[in-house]
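Student: I would like to learn how to read a structure like this one. Could we go through it feature by feature?

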Amino acid sequence: TAVHEDSESKQQPPSGAESGRASKSVAGSKLLGGAALRAPKAIPAEVRAHKQWKRRAQEVEAEREAERKRMADRAKARQEATKRRQEDRAKLNKRTKRGQPILGNQVEHMLRKLQG
C-alpha cells in the first residue's frame, strides 16, 4: 500500500504559481469551448478621452438643470410673496364710507404676524 500512495502523490500537479496558471487555462478552455482566456485589450486614448468628456458634459448639464430649477423655484417664491404683500396692502388700505381704516383687517393682520 505504501508504493500505491507514492504513485498517487507523484501524479498530482506540483503546488505553486505554475500549477495555478495551468489549471486556469485548462479550465478556461473547457468553459469557453477551447478558447484560452485573454487579457482585455487596452482602450485607445481617444476613446478614453471621449468617454471622459462625455461624462463631464453630462455632469455639467445636470448642474445647469439643477441651477435652472433652483432659479425657477426662487422666482416662483418671489412672485407668491409679492402677490401676498399686495393682498395684505389692499386689505390694510380698505376704508369705511367715512374714510376711517377698517380695524378688523388691521387686527387680523397683526394676529397673523404674531402666529407665525
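Student: Which residue forms a salt bridge with R68, its closest N and O atoms being 2.8 Å apart?

Tutor: The general idea comes before the case. Side chains of opposite charge can pair when their charged atoms come close. In this predicted model, the partner of R68 at 2.8 Å is E65. R68 and E65 both belong to helix α3 and sit three residues apart, about one turn of the helix.

Student: Why does a spacing of three residues matter in a helix?

Tutor: An α-helix has 3.6 residues a turn, so residues three or four places apart point the same way. R68 and E65, three residues apart in α3, are a case of that spacing.

Student: Which other salt bridge does R68 form?

Tutor: R68 also forms one with E61, where the closest N and O atoms are 3.6 Å apart.

Student: What is the salt-bridge partner of R56, and where do the two residues lie?

Tutor: R56 pairs with E59, with their closest N and O atoms 3.5 Å apart. Both lie in helix α3, three residues apart, about one turn of the helix. R56 has a relative accessible area of 44%, so it is partly exposed. E59, at 36% relative accessibility, counts as partly exposed too.

Student: How many salt bridges are there by this rule?

Tutor: The count comes to seven salt bridges. Among them are R56 with E59 and R68 with E65.

Student: Next, the overall fold. How many helices and strands does the protein chain have?

Tutor: There are four helices and zero strands. Along the sequence, the pattern reads α-α-α-α.

Student: How much of the protein chain counts as buried?

Tutor: Of its 116 residues, 4% count as buried. The accessible surface of the chain is about 11,100 Å², and carbon and sulfur atoms account for 56% of that surface.

Student: How do I describe two helices that pack together?

Tutor: Two packed helices are described by the angle between their axes and the distance between the axes. Here, the axes of helix α3 (residues 45-92) and α4 come within 9 Å and cross at roughly 140 degrees. The residues of this contact divide into one nonpolar, three polar and four charged.

Student: Which residues of α3 and α4 meet?

Tutor: From α3 come D88, K91 and L92, and from α4 come N105, Q106, E108, H109 and R112.

Student: Is D88 buried or exposed?

Tutor: D88 counts as buried, because its relative accessibility is 15% and the cut-off for buried is under 20%. D88 is placed in helix α3. With neighbours within four places in sequence left aside, D88 is in contact with H109 and R112.

Student: What is the span of α4, and what follows this helix?

Tutor: Helix α4 covers residues 103-115, which is 13 residues. From first C-alpha to last, α4 reaches 18 Å, close to the 18 Å expected at 1.5 Å a residue. After α4 comes G116, whose phi is positive, near 140 degrees.

Key:
Residues are numbered from 1 along each chain as its sequence is written. This is a predicted model: local features need pLDDT of at least 70, side-chain atom pairs count only at pLDDT 80 or more; totals for chains, interfaces and linings use all residues. Side-chain values use heavy atoms; hydrogens and water are left out. The expected span of a helix is 1.5 Å times one less than its number of residues. Axes are lines fitted to C-alpha atoms, for helices over the stretch in contact, and angles run from 0 to 180 degrees between N-to-C directions. Contact means heavy atoms within 4.5 Å. Ala, Val, Leu, Ile, Met, Phe, Trp, Tyr, Cys and Pro count as nonpolar, Asp, Glu, Lys and Arg as charged, and the others, Gly among them, as polar. Buried means under 20% relative accessible area, exposed over 50%, partly exposed in between (1.4 Å probe, protein chains only). Accessible areas come from the Shrake-Rupley method with a 1.4 Å probe; for residues, only the protein chains shown count as cover. A salt bridge is a side-chain nitrogen of Lys or Arg within 4 Å of a carboxyl oxygen of Asp or Glu.
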